[in-house]
Amino acid sequence: MSSKVEICNMALGRVNSPFIDSIDEKSKEAKICRLYYDQCRKAALRAHGWNFATETVDLALLAETKPEWDFVYQIPSDCLKVIGIVPAISGKKIPYKISGKKILTNMEEATLRYVKDITDPNMFDDQFIVALSYLLASDIAVPLTGKPAYKNNNYQFYVNELNQAKTADADEAQEEVEDSILNSRN
């Protein structure tokens, strides 16, 4: 179980700054964390198709048309990153174009796979929490310490953590594919 304050304190610890008791307190550290937290959270979510934040939904058809596309759908309001239109046949990519908060495609009754804007830290994967804390530490380092080295080091740790998470998530997804193949043979 994690909280926004715990994630901020992880980041503050990474830049050798005092911890906070509340995100709403009047300290410089809390003010800087408030300024950067949501931006970093969204950026870290967008950086990868995290299993915990991936959603699949049927899209809402809009009553409008666009040249070269048969259908116009509304992108969900909590969508941070479109992963793609779910194909009816596995492995086949469905062409689409994003236009503002709409997605254009030639697929009827389209289903979207996307990265959802998860705000509740209790829903976060442990690796995501670590990655987010490093990204947040990178962003708050200079305003709090004036030390660019803290920014650069924490950003590198963020990139490393992100790469490890991508590998772990891919392994988990691979197991699901292998399980479904095995189950289909039984």
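**An edge strand and a helix pair**

Author: Two bridges join strand E2 to strand E3 (residues 71-74), and these strands run antiparallel; two strands pair if DSSP finds at least two bridges between them. The model is predicted, with local features needing pLDDT of at least 70 and side-chain atom pairs counting only at pLDDT 80 or more, while totals for chains, interfaces and linings use all residues. Residues are numbered from 1 along each chain as its sequence is written, and side-chain values use heavy atoms, leaving out hydrogens and water.

Within this pairing, Leu61 stands opposite Tyr73 in E3. The open sheet has four strands in the order E2-E3-E6-E5, with antiparallel pairing. Its edge strands, each pairing on one side only, are E2 (60-61) and E5 (96-99). Helices (H or I, at least four residues) and strands (E, at least two) are DSSP runs, numbered from the N terminus.

As for the helices, H2 (residues 28-46) and H3 (residues 126-145) pack at an angle of about 135°, with their axes 9 Å apart. H2 and H3 are therefore oblique to each other (under 35 degrees is roughly parallel, over 145 roughly antiparallel, 65 to 115 roughly perpendicular, and the rest oblique). On the H2 side, the contact (heavy atoms within 4.5 Å) includes Ile32, Tyr36, Cys40 and Ala44; on the H3 side, Phe128, Leu132, Leu136 and Ile140 are among the residues involved. By class, the contact of H2 with H3 has 15 nonpolar, one polar and four charged residues.

Note on methods:
Axes fitted to C-alpha atoms, helices over the stretch in contact; angles between N-to-C directions. Nonpolar A, V, L, I, M, F, W, Y, C, P; charged D, E, K, R; others polar.
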